[in-house]
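Biologist: Hi! Could you walk me through this fold, starting with how its strands are arranged?

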Amino acid sequence: MSGEIFIQAPAKINLGLRVLPKRDDGFHGIESVFASVGLFDDLIVRPLAEKNVCKVFCDQAEVPPKNTVNSAYQAAKSVLEEDLPGVSVQLKKRIPLGGGLGGGSSDAAALLFALRKFGVAFSKEAAFKIAALVGSDVFFFLSLDGKPSGAAIVWGRGELVKPISPRNELHFVLVFPGVHSSTAEAYSALDESSDRPRNGCLPLDKLENVYRSPVKDWTFSNDFTPVISAKYSKVRQALRDVKSCGALFSDMSGSGSTVFGVFDSFNAAENAYLLLSNNWNATFL
């Protein structure tokens, strides 16, 4: 093994997110359309002389010993039941932590792609088992197969992924209001909410039809949005600001707290981005 590998790990947004009751295995079922967006973490993966070691470095944030990159490495070692080449991972974070954009899961998938390029062979079944040990969003990022963009219908706990052709003519503006929404807390708040939406998104087989329709006609909704926006005033304000900038559709991604707006022209998106950047430090086009 020689050289180094550069990989970009994309963020995703949820275009609608229906959360189903908790299952017997402790996970909630979901129904959603996932779409990657042009916001990336960068990973430079280098070989180490010793085996079975994964060292992660990040200049933008302190990396805890238990992080998704290291978790993916250890999960791969456990599932494959073999020695792995040692790697050093230099991580450049751009995707906000705790923003509902899947950054950690995308980084984990990127590490698995890197291991494959370093000669570690694993089947689709093995990759599935590894993803299950790391996080539900990892399944979607693995389905991209290393490509920078993609979309999919996602259901189950997130392990059931049907890739669909992405709409590359759309433009997104994202606002991270600085609120770190814990996924576990978000699910707990949703379970306890007395006014929790019961209908959620359209039936699973209709989701792609909505995705293909004009954005102004989208009927997507996110079950987490009411409970998270009720808890955090910054999320409520971000939703108002994005809507006021002319977004054809806007909502919160995942369990929060990033808010996004969808535009059908670059000029409209750029104008919204410039306006929103005046009030929000973490704004992305």
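Modeller: Happy to! Two strands pair if DSSP finds at least two bridges between them. Strands (E, at least two residues) and helices (H or I, at least four) are DSSP runs, numbered from the N terminus. This is a predicted model, where local features need pLDDT of at least 70 and side-chain atom pairs count only at pLDDT 80 or more, while totals for chains, interfaces and linings use all residues. Residues are numbered from 1 along each chain as its sequence is written, and side-chain values use heavy atoms, with hydrogens and water left out.

Biologist: Got it. What order do the strands of the open sheet have?

Modeller: The order is 8-9-7-10, an open sheet of 4 strands with antiparallel pairing. Strand 8 and strand 10 (282-284) are the edge strands, each pairing on one side only.

Biologist: How many bridges join strand 8 to strand 9?

Modeller: Strand 8 (residues 249-252) is joined to strand 9 by 4 bridges, and S250 has G261 of strand 9 as its bridge partner. These two strands form a hairpin with 6 residues between them, and G254 in the turn has a positive phi of about 55 degrees.

Biologist: And what about strand 7 and strand 9?

Modeller: Strand 7 (residues 171-176) pairs with strand 9 over 5 bridges, in the antiparallel sense. There, V175 stands opposite V259. Strand 7 also has 3 bridges to strand 10, with L174 partnered by F284.

Biologist: Is strand 9 buried or exposed?

Modeller: Buried, meaning under 20% relative accessible area; exposed is over 50% and partly exposed lies in between (1.4 Å probe, protein chains only). In strand 9 (residues 259-263), 5 of its 5 residues are buried. V259, G261 and F263 cover one side, and F260 and V262 the other.

Biologist: Switching to helices: at what angle do helix 1 and helix 2 cross?

Modeller: Helix 1 (residues 68-80) and helix 2 (residues 103-117) cross at roughly 45 degrees, and their axes come within 8 Å. Axes are lines fitted to C-alpha atoms, for helices over the stretch in contact, and angles run from 0 to 180 degrees between N-to-C directions.

Biologist: So what do you call that angle?

Modeller: Helix 1 and helix 2 are therefore oblique to each other. Angles under 35 degrees count as roughly parallel, over 145 as roughly antiparallel, 65 to 115 as roughly perpendicular and the rest as oblique.

Biologist: Which residues in helix 1 meet helix 2?

Modeller: T68, V69, A72, Y73 and A76 do, and their partners in helix 2 include L111 and L115. Contact here means heavy atoms within 4.5 Å.
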